[in-house]
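Colleague: Could you walk me through a few features of this model, one by one? I would like the general idea each time, and then the case in hand.

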Amino acid sequence: MSEASPSSDDLIPAATVILGRNGAEGLEVLMLRRNSKIAFGGAWVFPGGRVDPEDAGTTELERAKSAAVRESMEETGLDITGQSLGVWSYWVPPPLKSMVVEGKLRRFSTWFFVGQAPDTNVAIDMGEIHEHRWLQPTAAMDLQRAGEIELVPPTFVTLHQLAESSTIEAAIASTEGV
């Protein structure tokens, strides 16, 4: 049975930024719980969102980096302007109607970046984001397995990959040459 196959023109450009720091027991990443009334509601994610027309750059990648910086500030109050962000991954979900819970099929083409979190307090907006935690990647996956938090597949896979890095510097270094 064939499902609808939207064209790549239907993709919504987006960006996500994995903000990390070195905790007492190794790498910790900033996780945000999304408002339950919006897309990916209730899920724990990294800061991010769609690329806006105002986001700077002449290429898709440049505009995505600009969006990642903007979304970090909007959702966490953390200013990562001027920081060199490593490209972690690029995600595009398949065009399957079965992936739609309600509403129309929306597909995001999302660049994932990784960078060092500034040494300042996180200030969530209580609009899109309702809670935040600094978690080791393995601890976040353990919480998901225990049914205590919800993770979307790209976030789970990213956490699994990040578990191989003992520090934020190691995670960033693993993106060099990509």
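Modeller: Let's begin with a backbone angle: helix 2 is followed by glycine 147, and the phi of glycine 147 is positive, near 80°. Helices here are DSSP runs of H or I with at least four residues, strands are runs of E with at least two, and both are numbered from the N terminus. Please keep in mind that this is a predicted model, where local features need pLDDT of at least 70, side-chain atom pairs count only at pLDDT 80 or more, and totals for chains, interfaces and linings use all residues. Residues are numbered from 1 along each chain as its sequence is written, and side-chain values use heavy atoms, with hydrogens and water left out.

Colleague: Which residues of helix 2 are buried?

Modeller: Buried means under 20% relative accessible area, exposed means over 50%, and partly exposed lies in between, with a 1.4 Å probe and protein chains only. In helix 2 (residues 137-145), the buried ones are Pro137, Ala140, Met141 and Leu143. Seen down the helix axis, they fall within an arc of 155°, so they line one face of helix 2; the arc is that of the directions from the axis to the C-beta atoms.

Colleague: Why do residues three or four places apart point the same way?

Modeller: Because an α-helix has 3.6 residues a turn.

Colleague: And what covers the buried residues of helix 2?

Modeller: The cover includes strand 2 (26-34), strand 7 (129-135), strand 8 (150-151) and helix 3. Contact here means heavy atoms within 4.5 Å.

Colleague: Is leucine 162 buried or exposed?

Modeller: Leucine 162, in helix 3 (residues 153-162), is buried, with a relative accessible area of 0%. Leaving aside residues up to four places away in sequence, leucine 162 touches Ile18, Leu27, Val29, Phe46, Trp88, Pro137 and Ala171. Pro137 is also one of the buried residues of helix 2.

Colleague: How many aromatic pairs does a search of the whole structure find?

Modeller: Rings of Phe, Tyr and Trp (its six-membered ring) pair if their centres lie within 6.5 Å; planes under 30 degrees apart count as stacked, over 60 as edge-to-face and the rest as tilted. The search finds one pair. It is tilted and formed by tyrosine 90 and tryptophan 111, at 4.5 Å centre to centre with 45° between the planes. Tyrosine 90 sits in strand 5 (residues 86-91) and tryptophan 111 in strand 6 (residues 107-116), 21 residues apart. Tyrosine 90 is partly exposed at 38% relative accessible area, whereas tryptophan 111, at 19%, counts as buried.
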